[in-house]
Amino acid sequence: MNLSVFDLFKIGIGPSSSHTVGPMWAAVKFAESCAAEPVSRVIIDLYGSLALTGRGHCTDKAVLLGLSGERPDEIDSDVVDVIVERIRKRRKLRFARNREIDFDEATDLRFHETEALPYHPNGMRFTTHGEAGPVLRSEVFYSVGGGFVVSEAEASGPETAIVDRGAVTHEFDTAAELLAIGDRTGQSIARILYANERTWRDVEAIDTGIDRIWAVMNDCIDRGCRNEGTLPGGLNVKRRAPALFRTLTTVPSCDSLVQLDWVSLFALAVNEENAA
């Protein structure tokens, strides 16, 4: 399987790639596929792990956002709660940014805690209805980890790989094979992977994409160091990154152990931002 760096370094909202980002992408894909149809109602059924732990991982919010046409790699995290609260308060959802439909979360978003779909624990079904009540479309998706999503057709096919982009300059399946390529060519891992990316994208697209990933990472660190308060979820967990940031800014940075403290701070800041 040949994966791109952009498959691995996904931009999305927290707290979970499998329970938040994946379901949001599934909802986006489903909504976009039937945006032109006369949809008047949409039903979401969550199964297995998505049903059991979905509320704690914001799966409910994720599917509402996705059905509204919001994408996890583009949405401003500051407007997430605004959009969700508007849907819940008005009981209306702007399906695929196309048409406003009635939406009652109590009846239209269902958690099947004792049921699971066959291919994977993270299963979900989206069903749309027309004005007179008939089913227009019903599709199953699985969030298989890392933000990857497969449809029921893909899951039941002969090849259930998440993605395979075809042949690349340097083929490898294991770390040992990657290191052997480096020994043979004299290239670094970064250069080897860059050459593979060139199979699918031009230099400008690669560099622009990597710059965007770094900008999002940097912004996430900054937000985590800046945002005070308690993390959502009801456990009253206080954010620790801002206090640690203030402490480290007063300590000389020439000590190598202090440098490691900064690395730990960045990880903590991102962890807390994703949890929020």
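**Entry 1: Asp 60**

I started with Asp 60, which is found in helix H4. The model is predicted, so I read local features only where pLDDT is at least 70. Is Asp 60 buried or exposed? Asp 60 is buried, at 10% relative accessible area. The cut-off for buried is under 20%.

Next I looked for a side-chain partner. The side chain of Asp 60 makes a polar contact of 3.3 Å with the side chain of Arg 88. I then listed what Asp 60 touches, setting aside neighbours within four places in sequence. Gly 54, Arg 55 and Arg 88 are among them. Glu 105, Leu 109 and Phe 111 complete the list.

**Entry 2: H4 against H5**

I moved on to the helix pair H4 and H5. Two packed helices are described by the angle between their axes and the distance between the axes. H4 covers residues 59–67 and H5 covers residues 80–90. Their axes are 10 Å apart, at an angle of about 85°. Angles of 65 to 115 degrees count as roughly perpendicular. H4 and H5 are therefore roughly perpendicular to each other.

Which residues of H4 and H5 make the contact? From H4 I noted Asp 60, Lys 61, Leu 64 and Leu 65. From H5 I noted Val 80, Asp 81, Ile 83, Val 84, Ile 87 and Arg 88. I sorted the residues of this contact by class: 6 are nonpolar, 4 are charged and none is polar.

I checked the backbone angles next. Which peptide bond is cis? The bond from Gly 14 to Pro 15 is cis, and its omega is near 10°. Pro 15 sits in the loop between helix H1 (5–8) and helix H2 (17–33).

Arg 91 is not a glycine, yet its phi is positive, at about 55°. I placed Arg 91 in the loop between H5 and strand E2 (92–95). Arg 91 counts as exposed, with 52% relative accessibility.

Then I turned to Arg 97. Its phi is positive too, near 60°, in a residue other than glycine. Arg 97 is in the loop between E2 and strand E3 (99–102).

**Entry 3: Helix H11**

I went to helix H11, residues 241–248. Which residues of H11 are buried? I found Ala 241, Pro 242 and Leu 248. They span an arc of only 130° around the axis, which puts them on the same side of H11. I asked what covers them. The cover includes helix H10 (203–226) and helix H12 (256–275).

**Entry 4: H10 against H12**

I looked at those two helices together. The axes of H10 and H12 cross at roughly 85° and come within 8 Å. That makes H10 roughly perpendicular to H12.

I wrote down the contact residues. H10 gives Cys 220, Ile 221, Arg 223, Gly 224 and Cys 225. H12 gives Leu 265, Phe 266, Ala 269, Val 270, Glu 273 and Asn 274. By class, I have 7 nonpolar, 2 polar and 2 charged residues in this contact.

**Entry 5: Leu 268**

I stayed with H12 and picked Leu 268, which lies in that helix. Leu 268 is buried, at 13% relative accessible area. Leaving out residues up to four places away in sequence, Leu 268 touches Arg 240, Ala 241 and Leu 244. Ala 241 is also one of the buried residues of H11. Leu 268 and Arg 239 are 29 residues apart along the chain, and their C-alpha atoms are separated by 9.1 Å.

**Entry 6: Asn 122**

Where is Asn 122 found? Asn 122 is in the loop between strand E4 (109–112) and strand E5 (123–129). Asn 122 counts as buried, at 6% relative accessibility. Beyond its neighbours within four places, Asn 122 is in contact with Ser 18, His 19, Ser 49, Leu 50, Phe 141, Tyr 142 and Ser 143. From Asn 122 to Leu 248 I read 41 Å, C-alpha to C-alpha. The two are 126 residues apart in sequence.

**Entry 7: The whole chain**

I ended with the totals. The protein has 12 helices and 7 strands. Of its 276 residues, 39% count as buried. Its C-alpha atoms fill a box of roughly 70 × 50 × 35 Å along the principal axes. I also looked up contacts between residues at least 6 apart in sequence, and 67% of these join residues at least 24 apart.

Notes
Residues numbered from 1 in each chain as written. Predicted model: local features only at pLDDT ≥ 70, side-chain atom pairs only at ≥ 80, totals over all residues. Heavy atoms only, no water. Buried < 20%, exposed > 50% of the residue type's maximum accessible area, 1.4 Å probe, protein only. Helix = DSSP H or I, 4+ residues; strand = E, 2+ residues; numbered from the N terminus. Arc of directions from axis to C-beta. Contact = heavy atoms within 4.5 Å. Axes fitted to C-alpha atoms, helices over the stretch in contact; angles between N-to-C directions. Parallel < 35°, antiparallel > 145°, perpendicular 65-115°, else oblique. Nonpolar A, V, L, I, M, F, W, Y, C, P; charged D, E, K, R; others polar. Polar contact = N/O pair within 3.5 Å; in protein donor to acceptor, adjacent residues only side chain to side chain.
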